[in-house]
Amino acid sequence: MTKEWYVVRAQTGREETVKLSLEKNIKTKGMEQLISHVIVPTEKVSELRSGKKKVFTRKLYPGYLMVEMELNDETWLTVKETPGIGDFLGMKKPTPMAKHEVEKIVMLESNASSEKKPKIKIPFKKDDNVRVKEGPFENFDGVVDEVNATKGLVKVIVTIFGRATPVELEYWQIEMI
């Protein structure tokens, strides 16, 4: 039998403690060969709050853990009897995750653990009405035309002398109206 990834419900807000509890349970029962990985999928996000850039870790799926294991009665019981764990996802029996889903989440997890540049959280989307709060176009009102999250830039259409003009600004230079 081969190992597959399964999704397990956990108490929301306690995913990390439930993960540690499960890992301790696995070690105590000597099942490291059968249950090899337990992860809480996360990503690093940077956000501008009160003028300061803050980087924090955000859970991708609050209330869920991913477990790589060889499913049998003994491993199923070990996971199920861990405090804080609800049930496996699946109809009557646990359903393994699709390979492409696992690859995507495991890749995100490895990026979160390595010191990569955090993803920028930009609260604007196309057609939002905004006001420029800093820079040469300060106090101009405009409409968001395009958001470039990787660079942290927002293209805003502002009206200057009666003409619609696209202006590229950093996301922290504008605010919602």
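This is a predicted model: local features need pLDDT of at least 70, side-chain atom pairs count only at pLDDT 80 or more; totals for chains, interfaces and linings use all residues.
Buried, in this talk, means under 20% relative accessible area, exposed means over 50%, and partly exposed lies in between, with a 1.4 Å probe and protein chains only. With that term in place, let me begin with one residue. At 1% relative accessibility, E15 counts as buried. E15 belongs to helix α1; helices here are DSSP runs of H or I with at least four residues, strands are runs of E with at least two, and both are numbered from the N terminus.

Residues are numbered from 1 along each chain as its sequence is written, and side-chain values use heavy atoms, with hydrogens and water left out.

To return to E15: which residues does E15 touch, apart from those up to four places away in sequence? They are V40, K59, P62, G63, Y64 and L65, where a contact means heavy atoms within 4.5 Å.

Let me now turn to the chain as a whole. The protein chain holds three helices and 12 strands. Its radius of gyration is 23 Å, whereas a compact globule of 177 residues would have a value near 16 Å; the radius is taken over C-alpha atoms, and the globule rule is 2.2 Å times the number of residues to the power 0.38. Along the principal axes, the C-alpha atoms fill a box of roughly 75 × 30 × 25 Å. Of the 177 residues, 35% are buried. Among contacts between residues at least 6 apart in sequence, 60% join residues at least 24 apart.

As for the surface, the accessible area of the protein chain is about 11400 Å², and carbon and sulfur atoms account for 53% of that area. Accessible areas come from the Shrake-Rupley method with a 1.4 Å probe; for residues, only the protein chains shown count as cover. The chain has 30 positive and 27 negative charges, and their mean positions are 2 Å apart. In that count Lys and Arg are positive and Asp and Glu negative, while His and the chain ends are not counted; each charge is placed at NZ of Lys, CZ of Arg, CG of Asp or CD of Glu.

I come next to the interior. A nonpolar core is a set of buried Ala, Val, Leu, Ile, Met, Phe, Trp, Tyr and Cys residues joined through side-chain atoms within 4.5 Å. The largest such core has 17 residues, and those with the most contacts inside it are L22, I35, L65, V67, M69, V79 and I85. Two or more residues of this core come from each of β1 (4-10), α1 (15-28), β2 (35-39), β5 (64-69) and β6 (85-88). Apart from this core lies another, of 14 residues, among them I120, V144, V154 and Y171. V67, already named in the largest core, touches E4, W5, Y6, V8, L22, I35, H37 and V38, not counting residues up to four places away in sequence.

Towards the end of the sequence, consider I174, which is found in strand β12 (residues 174-176). Is I174 buried or exposed? I174 is buried, because its relative accessible area is 3%. With residues up to four places away set aside, I174 touches F124, V130, R131, V132, K133, V154, V156 and L169.

Finally, several loops deserve attention. E134 lies between β8 (129-132) and β9 (141-148) and is partly exposed, with a relative accessible area of 40%. E134 and Q173 are 39 residues apart in sequence, yet their C-alpha atoms are 5.2 Å apart in space. Beyond four places in sequence, E134 touches W172 and Q173.

The loop between β8 and β9 also holds N139, which is exposed at 59% relative accessible area. Most residues other than glycine have a negative phi. N139, however, has a positive phi of about 70° although it is not a glycine. F161, in the loop between β10 (153-160) and β11 (163-170), likewise has a positive phi, near 50°. F161 is exposed, because its relative accessible area is 84%.

A149 is partly exposed, with a relative accessible area of 37%, and is in contact with I120 and I122, leaving aside neighbours within four places in sequence.
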